[in-house]
Amino acid sequence: KYGFNRGDDVIRFTSGLISKVVKESGDADDFIGHIGADEFVIVTKPEKVDKFCPKIINEFDLAIPQFYDEEARRQGYIVRTDRHGNSIKAPIMSISIAVVTNEKKELFHIGQISKLVMELKHYAKSFSGSVYFKDRRQSRYSMIPGISQKELIKRYEQMREDARRRIGQRAKKIEALREIIEQEKINILFQPIVCFRTKSVIGYEALMRGPMGTELEGPELLFDLAREGNMLWQLDRLCRKKILSYSRDFSNNLTLFLNTSPESIYDPEFRRIQFLENCTLKPENLVIEITERGMVEDFAAFYEILKSIQQKKIKIAIDDAGSSYVSLRNVAKLKPDYIKIDISVIRNIDVDKLRQDVLSTWFTFSQRIGSVLIAEGIQTKEEFGFLSAIGVPLGQGYLFAKPDKPYPKLNENISVS
């Protein structure tokens with residue numbers, strides 16, 4: 001009753017509450033971020049703190065009881081078991097807000113800010129109920145027992161220089177990405193998706209790579225830089241253009257899996273499916289592969305756009321299922337045509353009971369909503385054998401073929417072990 005799903009509900013509620021308060025009482029210069037788990041960050045001007053914090057706390061305290069049953073609300077706590085098997089009383093959830101400002105001190109490094117926040121959070125948790133605390137100390141140096149003030153200043157100065165150097169290096173990489181996009185210097189590789197029953201290729205996933213042999217070869221770094229440099233739509237458009245140049249090779253019996261970031265769903269070109277206008281690929285032979293790793297600001301609009309794409313006979317696949325990025329609740333709303341099980345679940349699936357339980361949940365779930373499972377990252381015959389035996393229909397991985405230029409052939413003598 002009060003497990004991970006309920007925790008996810010509270011995190012989503014808190015995210016929406018923070019966004020609502022900042023939009024109502026702030027302006028376009030304010031920034032909201034999700035650090036991870038139950039931690040969020042707001043970057044704003046000091047004078048707005050006393051507007052935001054009381055409102056967030058008041059609305060949180062008013063709403064949080066709805067996440068508990070009547071008995072818990074009456075008692076003010078729930079009884080749960082800790083990791084040692086002991087029963088403990090966990091009070092109704094509260095929210096703590098730590099405020100670090102540059103009004104009385106210079107803030108020059110994320111490490112310095114993080115340490116100040118951690119100190120305030122630790123202090124705030126010594127109080128019951130929801131609270132917020134502002135750091136009013138004038139010294140910019142947080143004291144550490146056993147280290148002299150002189151040594152501490154030296155360390156912070158070094159941190160500042162390191163930060164400046166890293167910012168400069170990051171800026172150079174963003175400029176390099178800009179050049180890559182302008183000159184269209186990306187490479188497209190393909191990896192086959194295999195039907196387990198017939199051991200035949202049913203389609204290919206297209207994978208983007210930067211210039212080979214450079215530090216910008218990997219797609220994750222490129223997309224991180226694109227987000228920082230406000231070039232995400234341009235990079236995604238270039239990827240689609242390059243990938244769809246191979247569309248003539250995809251017949252009625254072969255499907256193209258095309259990755260796109262969640263943020264690019266809002267691109268007008270994508271929403272109107274303009275990228276298929278000068279393309280020979282039929283909509284029914286295209287699968288748009290989405291991961292939730294990116295930022296989805298408006299889930300209602302996000303799913304509405306994807307639904308409209310499905311109505312145009314284009315299929316949808318949700319990537320990274322089984323990882324911390326993808327929830328059953330969000331997938332259930334979309335009802336995708338394919339669900340791709342993350343490599344973290346597939347690794348050693350033949351001998352790992354926990355991974356088998358995770359896969360079983362997704363397998364049962366996919367059957368209920370009418371989605372087809374695809375296992376990613378299969379590397380051994382044992383993994384392939386287990387997946388095939390329990391009825392997973394499709395998969396991809398190095399066991400069958402590594403990503404390569406069009407089009408890698410299946411490895412010979414693939415058999416179930």
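**Note on the barrel, its helices and selected side chains**

1. Strand E10 (residues 286–290) has both of its faces covered: Leu286, Ile288 and Ile290 are buried on one side, and Val287 and Glu289 are buried on the other. Buried here means under 20% relative accessible area, exposed means over 50%, and partly exposed lies in between, with a 1.4 Å probe and protein chains only. Since five of the five residues of E10 are buried, the strand is largely enclosed by the rest of the structure. Helices (H or I, at least four residues) and strands (E, at least two) are DSSP runs, numbered from the N terminus.

2. On the basis of the note: this is a predicted model, in which local features need pLDDT of at least 70 and side-chain atom pairs count only at pLDDT 80 or more, while totals for chains, interfaces and linings use all residues. Residues are numbered from 1 along each chain as its sequence is written, and side-chain values use heavy atoms, with hydrogens and water left out.

3. E10 belongs to a barrel that eight strands close in the order E7-E8-E9-E10-E11-E12-E13-E14, with mixed pairing. Two strands pair if DSSP finds at least two bridges between them. E10 is joined to E9 in the parallel sense over five bridges, and to E11 by four bridges, also running parallel. On the E11 side, Ile290 has Ile318 as its bridge partner.

4. Strand E9 (residues 255–260) is mostly covered, with five of its six residues buried. Its parallel pairing with strand E8 (residues 200–209) consists of four bridges. Phe257 of E9 stands opposite Glu205 in this pairing.

5. Leu394 in E14 is the bridge partner of Ile374.

6. Which strands does helix H7 lie across? Helix H7 (residues 232–244) lies across strand E7 (187–195), E8 and E9, and runs at about 165 degrees to E9. Helix H12 also packs on the sheet, touching strand E11 (315–321), strand E12 (338–341) and E13, and its direction makes about 175 degrees with that of E12. Axes are lines fitted to C-alpha atoms, for helices over the stretch in contact, and angles run from 0 to 180 degrees between N-to-C directions. Contact means heavy atoms within 4.5 Å.

7. Helix H6 (residues 219–228) packs with H7 at an angle of about 140 degrees, and their axes are 7 Å apart. H6 and H7 are therefore oblique to each other; angles under 35 degrees count as roughly parallel, over 145 as roughly antiparallel, 65 to 115 as roughly perpendicular and the rest as oblique. Leu222, Phe223, Ala226 and Arg227 of H6 make the contact with Leu232, Leu235, Asp236 and Cys239 of H7.

8. In helix H13 (residues 381–390), the buried residues are Glu383, Phe384, Gly385 and Leu387. These pack against helix H11 (343–346), helix H12 (353–369) and strand E13 (372–375). Gly391 follows H13 and has a positive phi, near 105 degrees.

9. A search of the whole structure finds 20 aromatic pairs. The rings of Tyr123 and Phe127 have centres 5.3 Å apart and planes at 75 degrees, so this pair is edge-to-face. Rings of Phe, Tyr and Trp (its six-membered ring) pair if their centres lie within 6.5 Å; planes under 30 degrees apart count as stacked, over 60 as edge-to-face and the rest as tilted. Tyr123 is partly exposed at 43% relative accessibility, and Phe127 is partly exposed at 40%. Tyr123 also forms an edge-to-face pair with Phe133, at 4.9 Å centre to centre and 65 degrees between the planes. Elsewhere, ring pairs link Phe190, Tyr204, Tyr246, Phe250 and Tyr407 into a cluster.

10. How many disulfides does a search of the whole structure find? The search finds zero, a disulfide being a pair of cysteine sulfur atoms within 2.5 Å. For Cys279, the nearest cysteine sulfur is that of Cys239, 15 Å away. Cys279 is buried, with a relative accessible area of 15%, and Cys53 is buried at 6%.
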